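Please open the structure in a viewer in which chains and residue ranges can be selected.

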Amino acid sequence: MQIKKITSLFFLFSGFLFSQSELSTGTEIQNSGAIKGIVRDSSTTEVLPYASVSIPELKIGAYTDNRGYFIIQSIPEKRKYRISVSCVGYSSYSKYVYVKENEITNVEIYLTPIDIEMKTIIKTEKREKSIDQLSISQKNISIKDITDLPKGVEADVLRALQLQPGVQSAGDVSARYYVRGGSNNENLILFNDAPIYNPFHALGIFSVIDPETVNSIDFYKGGFGAQYGGRLSSVMNIVTKDGNQNNFAGSASISQLTAKAMFQGPIPNGSFIVSGRASYSNAILKKFLNNNTVPIDFYDMSFKLNYSDPEFAPTSKFSIFGFNSQDKIDYMNQLQPTYNWSNSIIGGNWFHTGDSPLFSEVTFYYCRFTGEQSPNLGSTRYMKNEVKDITGKVDVHYIYENNNELYGGLKITDIYTALFLSDSQGFLNDLGSRGSNIVVYTGYKLLCINNLKADIGTRINLSGLARWGSKFLEPRINLKYNVNPVLSLKAAWGIYQQELITMSDENEINTIFEPWIIVPDYINPPNSIHYIGGFDIYLDENTFIDAEGYFKITNNLAALNKEKYFPTDRDLVSGSGKSYGGELSFSYNKEPVNLMLSYSYSWTIKKVLELEYYPRYDCRNAIKFDVIFDLGSGWSTSAMWIYGSGTPYTQIDGYYDKLKLYNLFDPSEFFLSHSPYQLNGDLNTQRLPDYHRLDLNLSKKLKLGSLKLDFDLNVINVYNRKNFFYFDTNTAERVNMLPFLPTLNVRMEL
Amino acid sequence: MKKFLYYIAVFLTVITISCNEDFSVRGPFDDEYVFDCILRCDTTTQFATISRTYEVANFNPLTNTVNPVVKNAKIKLFYKGSVYTMRDTVLPLTDPHYNTPVSCYCVKNMQIDAGQTIDAEVTMPDGKVITASTKTLPANEAQYEGPYTIPEFDPHKALWLDHVTFMWMLPSYMKDPYSAKLYYAPQLTIEYYKKENGNSILMKKIVPDDYIVSGDKLVPHYPEPRHVGICTYDTAIVGRAMREISENDSNKSNYLIIKVFLTVLMFDENLAPYYAADQTFDSGASLNLSPPDLSSINGGKGIFGSFMKITKNVNLYDWFLDRFGYQYANAN
């Protein structure tokens, strides 16, 4: 009921804003032209997302999207203009373009990476972008950010997220993360628009995404637009590289855990890229696993093929991409269980720009996740989970002459899940189901008013995965008001629904894999409402302060039924949750220093079966600091310090001998069949010691002819802080997270 | 710059001296009494045990060597307007864990009938009082679907089935039998006489519902208590159990089958979830990490419940019994 009221208010407000934008479009310049194009890296030909393209003379400009495309409209026609292009890490570039009347002029711009030319970096675009764009709770993460910072063993996309304020890590030994009080399964991870259901290798220690293959990462901590759906908390959109269109190139690297290689090059009218990574040693993993040897064996591989025929379809690009990851834990012992899990994605994309300010994209993909736990002759029960996701979608963006944007799309998804669990007799019960989701989304970006920017949209679920025919509306709004060149105010609000959930006990320390199912029909799909507000302060060209506060309410939170007594009792019950907090970050980027310091304060409260408690990842205070220092001559150093106040845990208050009944026909059982039962205190009312860790990195880049070499020395947990991981009640030992650990990586590129 | 270096030095000192921080996994000891009492309808002697919660130094409760049994408590059972007092007793059994005689409380001459409420009041040696209450099931109303025969004949299909299915129900719970929080433990028994040295000895054979391969042996598996009032036995399994009666004895005429009957123990609404919670967890039918801590005792832990018993005779066809060479007291 509350959601219906809020939705009505949303449409009233959107109507008002839309009418305001229509008023402003009445002042459009007639007889104008436009410039549309793509910005690429001159050495690799990869597209450059978020590059700034401007016409200084007219004081107008645009930014490339995550595919490297941009469009600047309303340019007075029949003359030449100098367009200026800049991007972090690249030399700025300018060229003259002639603008014809009522025509769109296509350009292709190549920027030269700064490390080829040595020094002189231009960073002013970062600030302009922040002012002009709606960026609440959003972060564009560059691969350089990931690779330059200290790494556990090797650079990891998901671990890098943990430096973001509002993102809570599951610990040193896990790449799992929690965003603003949401569970791990509330995070959507997209690989070229296709979801990765289990993005973890090796018990969750590493992500399955090789950073070498990644071109851009957009990360939304909340308040994300209508184009994204299916999760309650966050979205991470990873777009992979296209491959070099001019030259064949390859790289290989080796760490203490994996060996990997990448090969890319041109094909007629296109390019390809193939990469693969495989584990070869478990020695380093012992450090992650309290010196236990777990026979982890994994690999991942991906490819992308791009084709763009200048004659057949000059403004179109076709891509086919694929991804596969496989993990296996096999003790080679029939008394120990064997685990296998894998992700597979195959998809295609047709991106079309045409001769109008219209960008359209057709995407289809097939994703499959399988996870299997086989007990062999041991006592672990058999479990198998499978998710098959077939999706087709169409996205359309139309840019008005005043820069406003109308966008929309249609997405049709068919998902099959199977979750086989064996009972004590060995019979398999399937908790899976199948469902189809048809969703239409639409939105309007209001960018033409100088000080006010808005993105208003909604997702309309015409049918639900969980209940065929059930409709659900997910309205969203994102606002920004530039008070003056220094201060911007921002706010976002939205309703989010999730119909695919994982079934596992949230108190489990480290799950091998979390099984996915469609929300069963006896509970309503979870939904959340985000309220976000904040401000940006641009102290100068290099210094930026970002502050955000949030309040998130989650309804119908699917939680394991702790009062499941009978086998026929439901596995899940509906709960609720709320989280709120504030995040303050300060960043300074001026050569040779790149620094970020953030503080976040947060509360997360869940209520399940009338019990209110703080989940294990509820971290009240967090401080994150990272600095990268370019020492010159290919040397660079970085440091990272993370502090988190203690997270909740439950104390052990004693034991008692509990009567275990097996056979009541035998009267003696009543006297002889007891086994110890642990008495726990109130759930999660105590706090663990604070977590903190300092990591250092020193790296050196060498160029020997056409051979590039990177040496990377990392020192993890420099002062050997004993951060608590878990308490082993079998051995009565405290198990800590990563100790002091030096690691060395070598990368070679040809 | 000096100030900056000073702050850095202070910061590094603070984090270095805080390399290890202790905390307590152990909370304040939860000192509680544990009262277990399952009232049986198949005997007039009822038993209860009382113990106490305990702590261990190393978090491994199996290392506890002190039997936490509580003696000298006063247990009163309020039943049909009478008060039954349970007395301290030591049984001729040895506790396998503590290696001590089993101490318990018992009361004689207490017959539990169907559909009755029973209250318990336990006064501990330190004066603390815990209470519990349960209601026996209306087992006298239980209905079988029978009559049952082995083998079972399907008159609709006019053929002999390879299994026999038993079904029973309590009319009070008929409205929604699947949501009823009941549990049933079925047992099929063959009662027979065996002649030994001229004497007839009364013996019983419990029929398994399956045989499971364990190593190079076949091990009998008996039906587990279940939520629904139904159980099935393969005719071949019953036949195998029949053969086992006289295994290694070539003189089959030494055996006289008296009767075959199904016994069903019916757990009441306290005992059923207590049993079910453990069974559901142990069988892997729950994804929870630990079994629920379910107790029916006010002010303490434990279980106060009851079970009733119903039996149903099963007829055997002569031609089926002839396969084994046995005599049958009630031949059809």
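This is a predicted model: local features need pLDDT of at least 70, side-chain atom pairs count only at pLDDT 80 or more; totals for chains, interfaces and linings use all residues.

A residue is called buried here if 20 or more other C-beta atoms lie within 10 Å of its own, the C-beta atoms being placed from the backbone.

**Select chain B**

By that definition, buried residues make up 31% of the 332 residues in chain B. The secondary structure of this chain comprises four helices and 21 strands. The radius of gyration of chain B is 28 Å, well over the 20 Å that the globule rule gives for 332 residues, so the chain is more spread out than a compact globule. Its C-alpha trace spans about 105 × 55 × 50 Å along the principal axes. Of the contacts in chain B with a separation of 6 or more, 66% are accounted for by residues 24 or more positions apart.

**Select the residues of chain B that touch chain A**

How many residues does each chain bring to the contact? Chain B supplies 60 residues and chain A supplies 50 residues. On the side of chain B, the elements that give two or more residues include the helices α1 (2-17) and α3 (271-282), together with the strands β1 (33-40), β2 (46-52), β4 (82-94), β5 (101-107), β13 (183-196) and β20 (301-316). Colour α3(B) separately: this helix provides the largest share of that side, seven residues.

**Select the nonpolar cores**

Next, display B:F35, B:A48, B:M266 and B:F267, the residues with the most contacts inside the largest nonpolar core, which has 81 residues. Strand β18 of chain B (residues 255-267) gives the largest share of this core, eight residues. Centre the view on B:F267. Leaving aside residues up to four places away in sequence, B:F267 touches B:L182, B:Y183, B:A272, B:Y275, B:G305 and B:F307.

A second, separate core has 72 residues, and A:Y197, A:F219, A:V235 and A:Y649 are among them.

**Select chain A**

Chain A contains seven helices and 48 strands. Of its 750 residues, 45% count as buried. Among contacts in chain A between residues at least 6 apart in sequence, 63% join residues at least 24 apart.

Colour chain A by its domain assignment: domain 1 (31-122), domain 2 (138-237), domain 3 (238-650 + 685-749) and domain 4 (653-684). The centres of domain 1 and domain 3 of chain A, taken over C-alpha atoms, are separated by 31 Å. Where these two domains meet, 15 residues of domain 1 of chain A are in contact with 17 residues of domain 3 of chain A. On the domain 1 side, β1 (32-41) and β4 (69-76) of chain A are the elements that give two or more residues. The strand that gives the most is β4(A), with four residues. By class, this side of domain 1 divides into six nonpolar, six polar and three charged residues.

**Select the five-stranded sheet of chain A**

Show strands β8, β15, β16, β11 and β12 of chain A, which form an open sheet in that order with mixed pairing. Which strands stand at the edges? They are β8 (138-141) and β12 (194-195) of chain A; each has a single partner strand, so one side of each is left without a neighbour in the sheet. Within the sheet, strands β11 (residues 187-191) and β16 (residues 234-240) of chain A run parallel and are joined by five bridges. To locate this pairing, select A:F191, which stands opposite A:I238 in β16(A).

**Select strand β30 of chain A**

Strand β29 (residues 472-482) of chain A runs antiparallel to β30(A), and seven bridges join the two. A hairpin through four residues connects β29(A) to β30(A), and A:N482 stands opposite A:S488 in β30(A). Strand β33 (residues 527-538) of chain A also pairs with β30(A), in an antiparallel arrangement with eleven bridges. Select A:K490 to find this pairing: its bridge partner in β33(A) is A:G534.

Key. Residues are numbered from 1 along each chain as its sequence is written. Chains are lettered from A and ligands numbered from 1 in the order in which they are written. Two residues are in contact if their C-beta atoms, placed from the backbone, lie within 7 Å. Domain bounds come from an automatic or database domain assignment. Ala, Val, Leu, Ile, Met, Phe, Trp, Tyr, Cys and Pro count as nonpolar, Asp, Glu, Lys and Arg as charged, and the others, Gly among them, as polar. A nonpolar core is a set of buried Ala, Val, Leu, Ile, Met, Phe, Trp, Tyr and Cys residues joined through C-beta atoms within 7 Å. A residue is buried if 20 or more other C-beta atoms lie within 10 Å of its own, exposed if 12 or fewer, and partly exposed in between; C-beta atoms are placed from the backbone. The radius of gyration is taken over C-alpha atoms; the globule rule is 2.2 Å times the number of residues to the power 0.38. Two strands pair if DSSP finds at least two bridges between them.
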